[in-house]
Amino acid sequence: MPAARTLLLTALAMLAFAGNSLLCRLALKETAIDAASFTAIRIASGALMLWLLLRLRHTPLASTGNWRAALALFVYAAAFSYAYLQLDAGAGALLLFGAVQLCMVVFGLLRGERLNPQQALGFALATGGLVVLLLPGATAPPLVGGLLMLLAGLAWGVYTLLGRQAGLPLAATAGNFIRALPFAALLLLPFIDQLTLDLPGLIYALLSGALTSGIGYAIWYSALPGLGALQAASVQLSVPVLAALGGALLLGETISLRLVLVSLAVLGGIALVLRAKLQGVVPQKA
């Protein structure tokens, strides 16, 4: 794949991932839509868009995805929405991204991998940064919202691990979105008398599902063949930064010194782990 095309697709995918945070925060902050409705509409519109993309590519959907991955996808989407009732876009994206990456590292440790000193320092910096972000203080995000976003990150990490062996990742993602629909419907039932919806909220939820999720994932999977595994992991460091900048420009959110310092610790720590792998350090087995 030409480098220029890979670069363009990668940039668009990162903007889409950051856009998910912005659309969710904008919908729950500025419109009447509730978190359960936003989650259900996002999953339903994402499933429809992914199905349509597969039809256009003449790719079969049968036997793709699985129920465990669908449940992890639903937990991510629901916790993500409820977290953004309280969190700013930048802080939420940082907690989500940090939790996903740390989940992957912990999975490796559980499999018997060992961190070299540089990786251990990076892991400690990233973990410590997330803890500091949640400590009480004038600029600390609400604890419940922060914990919900960590749960969303953990669920997305599990979803990613479950999907590692998918032969057709876009088809598997479509299958998982479709399987997540019953979970989304069950989420609506307890709040059936409290659901609220308006046109702007509906539009933001549809955009989040169809555009920044469905088409965003399709673009990302198109870019991946032109990226190495470490490049693909490294480029995602940009997502929290893009979300924070977007939150400041579009939502009037404040980028506090605390968020800047914590972002440097979390993203810098993850970069150290990735850099050690890039240098060809092979983790030792226990």
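Me: How many aromatic pairs does the count come to?
Reply: Ten. Rings of Phe, Tyr and Trp (its six-membered ring) pair if their centres lie within 6.5 Å. Bear in mind that this is a predicted model, where local features need pLDDT of at least 70, side-chain atom pairs count only at pLDDT 80 or more, and totals for chains, interfaces and linings use all residues. Residues are numbered from 1 along each chain as its sequence is written, and side-chain values use heavy atoms, with hydrogens and water left out.

Me: Why is the pair of F80 and Y84 called edge-to-face?
Reply: The ring centres of F80 and Y84 are 5.0 Å apart and the planes meet at 80°, so the pair is edge-to-face (planes over 60 degrees apart; under 30 is stacked, the rest tilted).

Me: Is F80 buried or exposed, and what about Y84?
Reply: F80 has a relative accessible area of 1%, so F80 is buried (under 20%; exposed is over 50%, partly exposed in between, with a 1.4 Å probe and protein chains only). Y84, at 0%, counts as buried.

Me: Which residues form the aromatic cluster with F80?
Reply: F17, Y76, Y84, W156, Y159, F177, Y217 and W220.

Me: What makes R42 lie over the face of F80?
Reply: R42 is 5.0 Å from the ring centre; the rule asks for NZ of Lys or CZ of Arg within 6 Å of the ring centre and within 35 degrees of the ring normal. The charged end of R179 sits over the ring of W67, 5.8 Å from its centre.
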